[in-house]
Amino acid sequence: MRELIKDYAPPGTAPGALTAPKGEAGQAKIHLLEYRGEQVNTVEIADLTHLQQQLADRYPSSAVTWVHVVGLGDLKILQGLQDLFKLHPLAMEDVTHLGQRPKAENYDAMMFVVLQHLAFLKNEIQTTQVALFVGKDFVLSLQPLGPDLLEPLRARILSSRGRLRERDADYLAYAIIDIIVDAAFPVLEDFGERLDALEQDIVGRPSPRIMNTLYRLRRQLLRLRRVLWPQREALSRLIHEEEGLVSDEVKVYLRDSSDHAVQAMDVVENYREMAASLLDVHISNTTNRLTDVMRVLTVIATVFMPLNFVVGLYGMNFDRSSPWNMPELGWRFGYLMVWGVLLVIVIAMLVYFRRKRWI
Amino acid sequence: MRELIKDYAPPGTAPGALTAPKGEAGQAKIHLLEYRGEQVNTVEIADLTHLQQQLADRYPSSAVTWVHVVGLGDLKILQGLQDLFKLHPLAMEDVTHLGQRPKAENYDAMMFVVLQHLAFLKNEIQTTQVALFVGKDFVLSLQPLGPDLLEPLRARILSSRGRLRERDADYLAYAIIDIIVDAAFPVLEDFGERLDALEQDIVGRPSPRIMNTLYRLRRQLLRLRRVLWPQREALSRLIHEEEGLVSDEVKVYLRDSSDHAVQAMDVVENYREMAASLLDVHISNTTNRLTDVMRVLTVIATVFMPLNFVVGLYGMNFDRSSPWNMPELGWRFGYLMVWGVLLVIVIAMLVYFRRKRWI
Amino acid sequence: MRELIKDYAPPGTAPGALTAPKGEAGQAKIHLLEYRGEQVNTVEIADLTHLQQQLADRYPSSAVTWVHVVGLGDLKILQGLQDLFKLHPLAMEDVTHLGQRPKAENYDAMMFVVLQHLAFLKNEIQTTQVALFVGKDFVLSLQPLGPDLLEPLRARILSSRGRLRERDADYLAYAIIDIIVDAAFPVLEDFGERLDALEQDIVGRPSPRIMNTLYRLRRQLLRLRRVLWPQREALSRLIHEEEGLVSDEVKVYLRDSSDHAVQAMDVVENYREMAASLLDVHISNTTNRLTDVMRVLTVIATVFMPLNFVVGLYGMNFDRSSPWNMPELGWRFGYLMVWGVLLVIVIAMLVYFRRKRWI
Amino acid sequence: MRELIKDYAPPGTAPGALTAPKGEAGQAKIHLLEYRGEQVNTVEIADLTHLQQQLADRYPSSAVTWVHVVGLGDLKILQGLQDLFKLHPLAMEDVTHLGQRPKAENYDAMMFVVLQHLAFLKNEIQTTQVALFVGKDFVLSLQPLGPDLLEPLRARILSSRGRLRERDADYLAYAIIDIIVDAAFPVLEDFGERLDALEQDIVGRPSPRIMNTLYRLRRQLLRLRRVLWPQREALSRLIHEEEGLVSDEVKVYLRDSSDHAVQAMDVVENYREMAASLLDVHISNTTNRLTDVMRVLTVIATVFMPLNFVVGLYGMNFDRSSPWNMPELGWRFGYLMVWGVLLVIVIAMLVYFRRKRWI
Amino acid sequence: MRELIKDYAPPGTAPGALTAPKGEAGQAKIHLLEYRGEQVNTVEIADLTHLQQQLADRYPSSAVTWVHVVGLGDLKILQGLQDLFKLHPLAMEDVTHLGQRPKAENYDAMMFVVLQHLAFLKNEIQTTQVALFVGKDFVLSLQPLGPDLLEPLRARILSSRGRLRERDADYLAYAIIDIIVDAAFPVLEDFGERLDALEQDIVGRPSPRIMNTLYRLRRQLLRLRRVLWPQREALSRLIHEEEGLVSDEVKVYLRDSSDHAVQAMDVVENYREMAASLLDVHISNTTNRLTDVMRVLTVIATVFMPLNFVVGLYGMNFDRSSPWNMPELGWRFGYLMVWGVLLVIVIAMLVYFRRKRWI
């Protein structure tokens, strides 16, 4: 359950110390995008000097700058960005500690937002941490190595679809948040299908493996909840931000994202309830199966026990010279009589069980 | 469990893009109704130019305009309405994404309300999403294809029953909300009858199928709750709206609707508790049935096992020439004696079980 | 479970329409009581003109007027009262819809309070809805047909016991509320005795019927809770009322009633917990009983199975001419030896089971 | 479960009517204590005139007066105190109705506090209700008949230990509250030891009686909670009192008491969780025991059933004149062969069960 | 469960009385550290006079003073510190009563913070109480005997790593809190590994001992929660402190600590849910095992019972002289026919069970 704990520096480390996430030693890639109305400019940055220069030459001066970093393994770059944009060391530490709880915080003239992007890969829920710094005229976004999650947004800006290029940095931030929040819905839909499949198994083809499947689903629901619950709070904090970084107009958009986050959370809560109900059905089924097994045993045993007694009775070796000792054995139709007795017993038993609705 | 997730645009789509709900390709129908006191005017609108013209000719100028759209499949009409009434694109997007969580939101000079109308059809709970835009002198309501849910209200206005025609757009909005909120009660009443029937089955005629019925009911309760819980919030937000769109007098009426919503929610919560109690009774019944089965087996087995031992004993073939080998077999009344022993055993057993209250 | 849903008008009915509760077609009775200090005047009113006249002649002018209506079946009277006291139509509608959630609401210059009077009748919980309109100098109370719940209070006023006659309408309202709130305690006491009886049964004389009793009790607890929980809120709203209808001095008294309501609610919550605990004990008892049954079966079966094997063994018919075929049968003390073997088996088994603490 | 309901006057009784608690007909004892710095004066009061006189002669005028009443059976005394200190009749009614929920309330120039003192006596939790009226320069405390709970505090004042004598009435009230709040800890400690003992029984020596013990403990936990939960609230209300009856300095002390109350409540909540966990362990143990029993039965039965079949087979009486009828019976080593077969069956069974880890 | 209750003075003790914790009679050690920028001075204090002198000589005057006390057994020293720093007696009492709930409180010009340091030692969770007094220019920290928890921080200050020496007392307090809060993560990581191991056992190798392990884990989770839950509150209070003791800049750091505390709490809550899910899986496994056992018994018994009946049948001793008595015994292939019947029975049974999916 290591996955439930965020990365952390060993206790006693000085706060704000940067460490690369595990397995991220590769070179980070930096995408720079500047736009304002008709003008748009995109460039892949090789090193920080290049970036610094680009930022200085910004044209037009009212342009929105978006720096997107993929890969957190190059601490020099992170340190450079921290100095360049004057980021708070604690925020930068949170960027490198993956597995953070989603949150939004105010640092002086900047909003710092951490979100978790959800995906369903190889039957497991994958979370990718995306961190955002939102300033007056720039957005700095950072994600660990892997497929670039914001590629579709960059394409949208370049092809000038949507209202994006007319707007300021806060709307860009909203657009990024919107992509990450909405990524939950396909995951939830997949999940719902798996719950449906489980439901069909439980109702129709009970098997002991069901319990393990149910357990795995509940564990994944817990993970979904861990990500979605605080995301709601983070968005609400953005909406109620009062430093003027987010305009009222963009807040209306963020309210919509917040609404989506609430709906996603709602679905998770409903899934949890369904899973609990399914557990009850499964347990009840198990007991029913046990009762069925016992009923068969009981019917068979109670039918044959008296039969065995009767046939055992006439297997006794009493001395037949006494007329009182088992005269039945000497009767002409003794054997048929025994069969008659056995039949009566069997029929009586069956009638009794039929009345009890056991057969 | 697809039903638990609202419609959504694929992540990465530009916000505010309109898409028709699944299976709604038909032509939308538009009802226009204008009234003020004695004057009332109703007309079915064929296309948007017609509507535009009608709105321009509005007479008297103080009239309340109600535009009701049935069918969300014609995107041109939706786009036209959006331009005509200056609706926010995000609100319009919510209108076409069915399965929304009920909510009420402020958009500039308008209230936007989404509610879910409940009905019990073909043994399943059906929800129909109704969206309202409430302005100073108009109400725009939209619902997907299907029977016109607000037909009775239009009839009431035309026949001038109730206080409706004297009042403003906010009261009309209340009247629409009232119909949708109160639709929950007949559904809850039906549901209560089904719970009562289940209760009788559980107490009187236990069967393994009960668990599945109970499961289905719990699942439906969850759906009811999903709709009714946020509806409460939405109404409360309308009551505390402070932009002046809703007058204090109408707020008193909305408070009543809110009260009904709370009562409906209350009933759902109580049903949930009853369902949980019924589950406990059912599980206890199952265990009791198992115990009953086992008791029968135990009584039969413990009565016949000693009997079988006794008759087996005298079936042994020891050499009778030794006087120590089963002299009983030679006794004159040996057989009767065995019967006596058997009877004593049976009676002792029965007395023992009677004392233990097993029979 | 119809009882859980309040009466409601069919959806689509105009708000504020009055309908008589089911089975209340009788003539309503109206008691009028006016008092101020030494002066007191009581009269049974036949029709509304009479009431109107009485109210006009009010003497002294500072008198408190209390109109108590028993029976809600005469809509003309209700309509007349509504006009006379200028009651809000929605409030009046709530009066006739029995089964309301207790509440207190402000209507202009009036408080409107709905409470549910509890009683334990014929082994069932009975609720009677009492509605109050409290104005500056009058109280109008309404209850459905049945025994007059406020008779004792009228007697107290007439006999001048207590502080009542010196005080204003708000204190009268408090006195009415006090009677209704305190009616919960004897019901809870009865209920506690039934829980105690059930506890004794569960601990001492377990039987399968217990589950049904427990279920009925839980269902009744739910009903108690439904009434008592919102009653708390209603009282709290009265205490924090700010229109000046309730004086600070009377608020101290209402605080006491609120305290009683909280205590009643507390008791219900505790009963719920006790019922849950009792359920656990009962289920554990059931499993224990099953284990007991199985233990008896196991002991009997495991003792007799080897015995049956041994006696079956010597019932085989091997040809005794071979010296290797069951020479035991020819031994002089073979039979006694078998008995010895059987005894050893039985004793060994019993020792084994004693060690396992099964017998 | 009578104990869960506070005493109450029959519904319809005029509010504020005094009735003696059950079994308290004895003469009440009144202790008067006056102190200020070096001066201290204690006297046992016989009747109210005496008390009145004492209070009039108060010396020095700045002295703090503490009147402690043990026994609530003498209504004349209670009435006298009510008049003397101008106590609110509703507060006085609460004093005589034992079993109150702890609370703190403001009555004009006085605080009224009700607390429940906890003790563990004869294996049962005992609660003693202590009521306090705190004025500017006096404290009136009342408790039912029994050992004087505040004796240690009086001794402390007389012997001048602690800071008490330098301080005002509010600190005296704190000192009383402190004693009552802290009395919960030894009770909780005792309780913890009993839970530990139960834990050891459940883990080590399971028996069906455990369920009843566990039930009794849960019932007592409920009672503890009923007392401790509202006590927290009462203290918080005292701390936020704003009438100036409690000085800021004493509020610091009350905050400490409140902290203790929170800790006591915390412990109760933890105990409740532990009890729930223990219940789970116990139920799991019960099922395990059942499984063990069944396993023994199954092993024995499945071993002996084939054996019995084999020996029964050779007990058949087929006519040996046909060579096809049971030639084995005529074999020289037939009997030994049967033993061989039986041994093989037994060994195969045992190997099978060993593999299944049943033996 | 003694561990759940904090130390307490016997009820009736005067508030603020100091008592040494159990087993702490040793001499307390006092570390004094003064720093400001480049200057740093550390000294081990032997007695209080020494400390007093050191504090008087403070140089430079703007230095931050940190006094860390290890060992609470020397009451004279505690009393001396209380006088020297003017600590509130109630706070000092809390320092010596170990097992406190974490909290932060304001005492005049000082913050008083109590935290619990977590560690995993010898398979048990160990908590060490650390108390802090934070003033304008000093921090006084106290911990019971044992390894010095703050040694790493002192080393960091001396070696001038981090930003510590440039900052004021509030940052020092933060640094101490940070160490204690972050100590939870390694404990939680260990705990997660143990839960994972348990999960593997439950899914793969079920055994009755699992229940006890699970119980122990739940008990430890409860303890973790007891410490982590209020820690959150304490940090939140520090962040919202308004007396000016904590600068805004340090509050940003404390917000980070608070964030970590929330994350730790979150993990504990998730563990609790996982433990509950594991319990469900384990219980379901147990029932499945029981069902398996019963199924084997039922299959064996139902196969052999008819076989035993058949062979018993032909063991009867009817007089063969009558042609109606068991003519089968005389048939040439009677014995083979019986074997045929037996085989048919066995095969029919096996087919039946295969169809029921029991084998």
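How many bridges join strand E4 of chain B to strand E5 of chain B? The legends below start with that pair of strands.

The model shown is predicted, so local features need pLDDT of at least 70 and side-chain atom pairs count only at pLDDT 80 or more, while totals for chains, interfaces and linings use all residues. Residues are numbered from 1 along each chain as its sequence is written, and chains are lettered from A and ligands numbered from 1 in the order in which they are written.

**View 1. The hairpin of E4(B) and E5(B).** Strand E4 (residues 103-107) and strand E5 (residues 110-121) of chain B run antiparallel and are joined by five bridges; strands pair if DSSP finds at least two bridges between them, and helices (H or I, at least four residues) and strands (E, at least two) are DSSP runs, numbered from the N terminus. Within this arrangement B:Asn106 stands opposite B:Met111 in E5(B). Two residues lie between the strands of the hairpin, where B:Asp108 takes a positive phi near 45°.

**View 2. The loop between E5 and E6 in chain C.** C:Lys122, which lies between strand E5 (110-121) and strand E6 (124-134) of chain C, has a positive phi of about 50° although it is not a glycine. Most residues other than glycine have a negative phi. C:Lys122 counts as exposed because it has 5 C-beta neighbours inside 10 Å; a residue is buried if 20 or more other C-beta atoms lie within 10 Å of its own, exposed if 12 or fewer, and partly exposed in between, with C-beta atoms placed from the backbone.

**View 3. The side of chain C that touches chain B.** Here 49 residues of chain C are in contact with 56 residues of chain B, contact meaning that the C-beta atoms of two residues, placed from the backbone, lie within 7 Å. Helix H7 (209-239), helix H8 (248-313) and helix H9 (334-355) of chain C are the elements that give two or more residues to this side, and the largest share, 17 residues, comes from H8(C). Only 18% of the interface residues of chain C are also interface residues in chain B, so the copies meet through different surfaces.

**View 4. The axis relating chain C and chain B.** In chain C, the C-alpha nearest the axis belongs to C:Gly315, 4.5 Å from it.

Technical notes
Copies are superposed by least squares on the C-alpha atoms of residues with pLDDT of at least 70 in both.
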